[in-house]
Amino acid sequence: FQSLSLSGGILTGSGTITVSTGGTFSWNNGAFDATAAAVFETLSGVTTTGTLGVLGASRMWDNSGTVTKTFVGCCSANFTLNGTFNNLLGGVFDLKDDASSGSRTTPGTGTFNNAGTFLKSLHTTVVNDEVFNPAFNNQATGVVNINSGAISFGGAFTQSGTLNVAAGTTLQKSGGFTNNG
């Protein structure tokens, strides 16, 4: 696809879904789910925006584009990661959530593998806290930049890459921590 939009419903199947280089993907609620292993790819130059939705346990998302997760509101989850998200070298995943109060949560039992750049940044003017519960593997080429608010990693965290925590921000770990770097 050159352009793909999902705003509700459930996309199932076992094939590969690819958003082409330079394309756009808008995802506001709904689910990518499957009974068999399936791959969703956003290639270099693809811009993904929205609140996102549920990435099912059998799904894998390979990202080499830019994913900007945004949500304006209070306190409820809007992206659930039960599958595997691979932020590939050159890929960017940016948490730009604004919560009017409290914190935002990314729940799930899946895994986030970061070989690219993972950002926690300011969306507009509200500085908030983010709780990220899936397991997180910051690989040797991976960079984590905490530029706004606080983030707490609730699942297992394996560190082999670079962690940058700006002045006045916080990175917390409540799950296991392995430092390979």
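**Parallel sheet and nonpolar core of the predicted model**

Thr111 has Ala135 of strand 16 as its bridge partner. The two strands concerned, strand 13 (residues 111–114) and strand 16 (residues 135–138), run parallel and are joined by four bridges. Strands are DSSP runs of E with at least two residues, numbered from the N terminus, and two of them count as paired if DSSP finds at least two bridges between them. The structure is a predicted model, in which local features need pLDDT of at least 70 and side-chain atom pairs count only at pLDDT 80 or more, while totals for chains, interfaces and linings use all residues. Residues are numbered from 1 along each chain as its sequence is written, and side-chain values use heavy atoms, with hydrogens and water left out.

The covered face of strand 5 consists of Ala38, Phe40 and Thr42, whereas Val39 and Glu41 make up the uncovered face.

The largest nonpolar core comprises 27 residues, and Trp61, Phe93 and Phe118 have the most contacts inside it. Such a core is a set of buried Ala, Val, Leu, Ile, Met, Phe, Trp, Tyr and Cys residues joined through side-chain atoms within 4.5 Å; buried means under 20% relative accessible area, exposed over 50% and partly exposed in between (1.4 Å probe, protein chains only). Elements giving two or more residues to this core include strand 1 (3–6), strand 6 (47–55) and strand 11 (92–99). The largest share, three residues, comes from strand 4. Residues touched by Trp61, not counting those up to four places away in sequence, include Phe25, Trp27, Phe40 and Thr42, contact meaning heavy atoms within 4.5 Å.

Asn29 lies in strand 4 (residues 24–32). Although Asn29 is not a glycine, its phi is positive, at about 75°. The residue Asn29 is partly exposed, with a relative accessible area of 44%.
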